[in-house]
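Please look over the sequence and the model below before reading on.

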Amino acid sequence: MASRRSLWGAAWRVVSRRERGTLVLVLVLVLVLVLVLVLRRHVVSIEVARPPPGVAHALVVSGARCETGPMDDTSTTTPPAAPGPEDLPATADGSEDLSAHVAASRRRATEAPYSVPNPTDEPVVHLTGPIVIGPDAELPEAWVVDGRIRHERPDLPAGAEVRRIDGFVVPGLADLHCHIGIGDDGHGTSLAEARAQARTDLATGVTLIRDAGSIIDTSPLQAEPGLPRIIRHGRHVARTRRYLIGYAHEVEPEELVDAVAAQADASDGWVKLVADWIDRGAGDLTPTFDGPAFARAASAAHEHGARITAHTFAEDTLPLLLDAGFDCLEHATGLTDETIARAAAAGVPVVTTLVNVGHFEDYAVQGEAKFPDFAAHMRRLRERRYERTRDAHDAGIRLLVGTDAGGVLGHGIVHDELDEIAACGIDPLGVLDAAIWGPRELLGAPGLEDGSPADLVVVERDPRIDHRALREPGIVMVAGRIAVEAGAMAGLRTGR
């Protein structure tokens, strides 16, 4: 050891004073760099592991006894860290197994915070039915006990209070494309305003929302009692200056993968990319990125355990998205015979937003003076909206309800969207599939299975015969709590 120290001492004396100073400076810089990297990794790990901001606050302000739990009923207030590439299985040739990222996305959606009631002193609810549990299945009656659906009559003590509710019972409606937290002025709202938007949707029977991009963090609302389930996308990802001002995280192609990965990690298993918009140089709609960039974006989302969907209006964009492996299409007004066949074969669903498409004439008028080609294009897309939607349905594409509420359109318009789907020539069962069964299958959300949280709507008429029966919900229930009550279909009785 002594000889080793003498060798180091001799080597140090040989080095000049200036060289010593340079060497010390280099060593200090290396140590600082290592320290920064360690701290950065530590901060990121804390960010992933902590509970969603505001959850504890939401529980205190609510004044209600509740627990937060995921859709699969495993109680937790901390969402799991997003899976990395090492968590996703590969196929035999080493390529990505697409079913794995779908499973990961569904798992993250079902594990999103959600308010599930504790057992309370509230009466048991007897739903006298029929209980529509599927497109071709119904039960004569069901019960709500401790916030959950029960298919069998529960054992009750003598004199127990039972509330009777008559009428047709269906799972709550879904809105797979709305924007909680974006105001009518196109800016981010306060959390109180976002809460009011969610309650407006709930009053129409919507108990399940896929928030397709918000300017604010809406995660504190997820665990609040008496609100719809909210599955968050995070923020839109868009090309620089190719979307509505202030809505999106805007990036250039070289930044796209990192931006998608960040939103995948911050969301509940979904990312939304703005895939086309007006190109002021071209004077019309064009894709915002090229095919290879779309493919890299899809891979990045999948590697982070998320699915990726795209805002798309234009015909030329759809082949690029289908080539890239996108999981869902929003609006999809540019569908052609070729892309309809491809999307149907690939099992890629379309979220309709037909109410918004009906406003394309307004957008055409706004842009006509400077961009006449764009205006003419938007008018063509609007004129063919019913035909293309019906063609997609007939080809086997799963249609899903989306209102695009928030920003341009106000909330509470789900029934207008259902009417638009019916206007395409789609029968009531098809409308119900788009509003109830399809969205729940896509997100992995439960319906009215035995033991599921009681998220439901009660109406006086059979919506399988006329979807417009859903416009007049007598009861809207979320996790067993009656959130909306109207009409005279509810009564009270005691005894077994």
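Helix axes are lines fitted to C-alpha atoms over the stretch in contact, and angles between them run from 0 to 180 degrees between N-to-C directions. Helices (H or I, at least four residues) and strands (E, at least two) are DSSP runs, numbered from the N terminus. The model is a predicted one, in which local features need pLDDT of at least 70 and side-chain atom pairs count only at pLDDT 80 or more, while totals for chains, interfaces and linings use all residues. Residues are numbered from 1 along each chain as its sequence is written, and side-chain values use heavy atoms, with hydrogens and water left out.

The protein has 15 helices and 25 strands. Of its 496 residues, 51% count as buried, where buried means under 20% relative accessible area, exposed means over 50%, and partly exposed lies in between (1.4 Å probe, protein chains only). The protein exposes about 22100 Å², and carbon and sulfur atoms supply 55% of that area. Accessible areas come from the Shrake-Rupley method with a 1.4 Å probe, and for residues only the protein chains shown count as cover. Contact means heavy atoms within 4.5 Å. Among contacts between residues at least 6 apart in sequence, 69% join residues at least 24 apart.

Two packed helices are described by the angle between their axes and the distance between the axes. Helix H9 (residues 337-346) packs on helix H13 (residues 385-395) at an angle of about 35°, with the axes 9 Å apart. The crossing of H9 past H13 is right-handed; a crossing is called right-handed if the near helix is turned clockwise from the far one by less than a right angle, and left-handed if anticlockwise. Asp337, Ile340 and Ala344 of H9 meet Arg388, Asp391, Ala392 and Ala395 of H13. By class, this contact of H9 with H13 has four nonpolar, no polar and three charged residues. In this scheme Ala, Val, Leu, Ile, Met, Phe, Trp, Tyr, Cys and Pro count as nonpolar, Asp, Glu, Lys and Arg as charged, and the others, Gly among them, as polar.

Helices H7 (residues 291-303) and H8 (residues 317-324) have axes that come within 8 Å and cross at roughly 40°. H7 and H8 are therefore oblique to each other. Angles under 35 degrees count as roughly parallel, over 145 as roughly antiparallel, 65 to 115 as roughly perpendicular, and the rest as oblique. H7 also passes H8 in a right-handed crossing. The contact is made by Gly291, Phe294, Ala295 and Ala298 of H7 and by Thr317, Leu320, Leu321 and Ala324 of H8. Those residues of H7 and H8 divide into six nonpolar, two polar and no charged.

H14 passes H15 in a right-handed crossing. Leu418, Ile421 and Ala422 of H14 touch Val431, Ala434 and Ala435 of H15, and the contact of H14 with H15 consists of six nonpolar, no polar and no charged residues.

Asp419 also lies in H14. Is Asp419 buried or partly exposed? Asp419 counts as partly exposed because its relative accessibility is 27%. Leaving aside neighbours within four places in sequence, Asp419 is in contact with His467, Arg468 and Arg471. The C-alpha atoms of Asp419 and Leu354 are separated by 9.5 Å, although these residues are 65 residues apart along the chain.

Val457 is found in strand E22 (residues 456-459) and is buried, with a relative accessible area of 2%. Not counting residues up to four places away in sequence, Val457 touches several residues, including Phe168, Val170, Gly205 and Ile475. Val476 is 19 residues from Val457 along the chain, and their C-alpha atoms are separated by 4.6 Å.

Some backbone positions remain. Most residues other than glycine have a negative phi, and most peptide bonds are trans. The peptide bond from Gly129 to Pro130 is cis, with omega near 5°, and Pro130 is found in the loop between strands E3 (124-127) and E4 (131-134). Asp146, in the loop between strands E6 (142-145) and E7 (148-150), has a positive phi near 50° and is partly exposed at 38% relative accessible area. Ala479, in the loop between strands E23 (475-478) and E24 (481-485), has a positive phi of about 50° and counts as buried at 1% relative accessibility.
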